[in-house]
Amino acid sequence: QVQLVESGGGLVQAGGSLRLSCAASGNIYRLNDMGWYRQAPGKQRELVASISSGGSADYADFVKGRFTISRDNAKNTVYLQMNSLKPEDTAVYYCRGVIVQRRWLGPQEYWGQGTQVTVSS
């Protein structure tokens, strides 16, 4: 089985920074696309940023220029560096991974349990 475990969330003042980490563990043959999503109270879950296995990144317009997604394939870990945080960034942040467990198996989607990010004004 595969697990995604997020860490690095917390409380920060507006304008501050946080770095989220998502470590994948278990039976992993290959990590394909990885991404960060967020869900604020009363709102739908939305894509924040994604990164391909080759390192190509995409960002939601509302985080461009402030957030950076990266990955360390040797550690099966994806990161989200969040700078210039705003109160509207407050949400639970989830890691999503498309993972191949065995060479002969197709990719499957996995989600982490989420980490709370709270930005105070």
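**Disulfide, sheet and an exposed loop residue**

1. The disulfide count, taking a disulfide as a pair of cysteine sulfur atoms within 2.5 Å, comes to one. This is a predicted model, in which local features need pLDDT of at least 70, side-chain atom pairs count only at pLDDT 80 or more, and totals for chains, interfaces and linings use all residues. Residues are numbered from 1 along each chain as its sequence is written, and side-chain values use heavy atoms, with hydrogens and water left out.

2. The bonded pair is C22 and C95, with sulfur atoms 2.1 Å apart. The S-S torsion is about -80°, so this disulfide is left-handed. It links distant parts of the chain, 73 residues apart: C22 lies in strand β3 (residues 18-26) and C95 in strand β9 (residues 91-100). Strands here are DSSP runs (E, at least two residues), numbered from the N terminus. Both cysteines are buried, that is, under 20% relative accessible area (1.4 Å probe, protein chains only).

3. An open, antiparallel sheet of four strands has the order β1-β3-β8-β7, where two strands pair if DSSP finds at least two bridges between them. β1 (2-7) and β7 stand at the edges with a single partner strand each, so one side of each has no neighbour in the sheet. Within the sheet, six bridges join the antiparallel β3 and β8; L18 has M82 in β8 as its bridge partner.

4. A74 sits in the loop between β7 (67-72) and β8 (77-82). Its relative accessible area is 77%, and exposed means over 50%, so A74 is exposed. The C-alpha atoms of A74 and V119 are separated by 32 Å.
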